[in-house]
Amino acid sequence: MNDPLGTVHHVLTPRASARQEETQPAMTFTPSTDDLLAANARYASDFHDDALQVQPQRHLAIVACMDSRIDAFAILGLSNGDAHIIRNAGGVITDDVIRSLCLSQRFLGTREIVLVHHTDCGLQKVDEADFRVELEAELGVRPWWSLESFSDPYADVRQSIQRLYMTPFVPHKDHIRGFVYDVTDGLLHEVTLGDQERPPQPGAGS
Ligand SMILES: [Zn+2]
């Protein structure tokens with residue numbers, strides 16, 4: 001049936017939730033915000049961080065996956081005021097992460113970058129091409145951003161390190177290290193670039 005409003009109706013009515021209900025078991029959910037506010041009141045009643053400086057005291061920026069199992073400060077022994085932490089799905093070096101690192105280095109004095117990706121990442125479970133086709137079919141629009149899914153977290157860390165070496169907006173590159181965090185035992189495993197993977201640095205010596 002050729003309903004002239006059919007196209008508009010399709011665009012304005014995302015079908016993702018309906019599809020998820022078909023394919024996933026029913027989920028009970030209670031919003032947490034009221035509990036969070038009660039917790040914040042308890043936190044503020046015993047607050048001791050009022051003298052911290054805006055510049056991270058370890059001159060350190062961490063880029064980590066948003067995974068809920070990773071307490072980035074705890075796994076690295078950090079305290080409030082020690083480091084910037086920039087998180088997204090996968091801990092990917094996106095334009096927005098570069099924006100934050102540029103500010104972090106130029107205005108807030110950080111000189112070291114630590115990348116934390118991890119095993120069992122949600123991005124390992126999604127096929128990027130299928131995801132884009134699915135979104136366009138359901139929403140009528142392709143995402144203008146990349147999902148940045150991957151299969152090997154170690155390769156993904158190398159990719160992220162390489163992106164940092166290649167951007168002109170992150171000027172301090174002498175102390176960049178990348179790790180895969182194992183969600184089964186809490187240990188970090190370092191990932192290093194091979195010589196052929198390390199792009200030449202602008203202005204670097206012979
Ligand atoms: Zn992840």
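# Briefing: sheet, flanking helices and nonpolar core

Along its sequence, the protein chain follows the pattern α-α-α-β-α-β-α-β-α-α-β-β. The model is predicted, and the chain contains 7 helices and 5 strands. Of its 206 residues, 19% are buried. Among contacts between residues at least 6 apart in sequence, 70% join residues at least 24 apart.

**Sheet**

- The 5 strands form an open sheet with mixed pairing, in the order E2-E1-E3-E4-E5.
- Strand E2 (83-88) and strand E5 are the edge strands, each of them pairing on one side only.
- On average, neighbouring strands of the sheet are turned by 25 degrees against each other, with direction ignored.
- Strand E1 (residues 60-65) and E3 run parallel and are joined by 5 bridges.
- Within E1 and E3, Ile62 stands opposite Val114.

**Helix H5**

- Helix H5 (residues 95-108) packs on the sheet, where it touches E1, E2 and E3. The direction of H5 makes about 175 degrees with that of E2.
- H5 has 14 residues and reaches 19 Å from its first C-alpha to its last, close to the 20 Å expected at 1.5 Å a residue.
- Val97, Leu101, Ser104 and Gln105 are the buried residues of H5. Viewed down the helix axis, the buried residues fall within an arc of 85 degrees, so they line one face of H5.
- The cover over the buried residues of H5 includes E1, E2 and E3.
- Asp95, Asp96, Arg99 and Phe107, on the other side of H5, are exposed.
- Gly109 follows H5 and has a positive phi, near 75 degrees.

**Helix H7**

- Helix H7 (residues 153-166) should span 20 Å, because its 14 residues are counted at 1.5 Å a residue; its end C-alpha atoms are 20 Å apart, which agrees.
- The residues buried in H7 are Pro153, Asp156, Val157, Ser160, Ile161 and Leu164. Seen down the axis of H7, these buried residues fall within an arc of 140 degrees and therefore line one face of the helix.
- The buried residues of H7 pack against strand E3 (112-118), strand E4 (176-181) and strand E5 (188-191).
- H7 lies across E3, E4 and E5 and runs at about 160 degrees to E4.
- Gln159 also lies in H7.
- Although Gln159 and Glu197 are 38 residues apart in sequence, their C-alpha atoms are 9.2 Å apart in space.

**Nonpolar core**

- In soluble globular proteins, nonpolar side chains tend to be buried together.
- The largest nonpolar core here has 25 residues, and those with the most contacts inside it are Ala61, Ile62, Val63, Ile113, Leu115 and Val116.
- Two or more residues of this core come from each of E1, E2, H5, E3, H7 and E4.
- E1 gives the most to this core, with 5 residues.
- Leaving aside neighbours within four places in sequence, Ile62 is in contact with Ala72, Ala83, His84, Ile85, Ile86, Val114 and Val116.

Methods: Residues are numbered from 1 along each chain as its sequence is written. This is a predicted model: local features need pLDDT of at least 70, side-chain atom pairs count only at pLDDT 80 or more; totals for chains, interfaces and linings use all residues. Helices (H or I, at least four residues) and strands (E, at least two) are DSSP runs, numbered from the N terminus. The expected span of a helix is 1.5 Å times one less than its number of residues. A residue is buried if 20 or more other C-beta atoms lie within 10 Å of its own, exposed if 12 or fewer, and partly exposed in between; C-beta atoms are placed from the backbone. The arc is that of the directions from the helix axis to the C-beta atoms. Two residues are in contact if their C-beta atoms, placed from the backbone, lie within 7 Å. Two strands pair if DSSP finds at least two bridges between them. Axes are lines fitted to C-alpha atoms, for helices over the stretch in contact, and angles run from 0 to 180 degrees between N-to-C directions. A nonpolar core is a set of buried Ala, Val, Leu, Ile, Met, Phe, Trp, Tyr and Cys residues joined through C-beta atoms within 7 Å.
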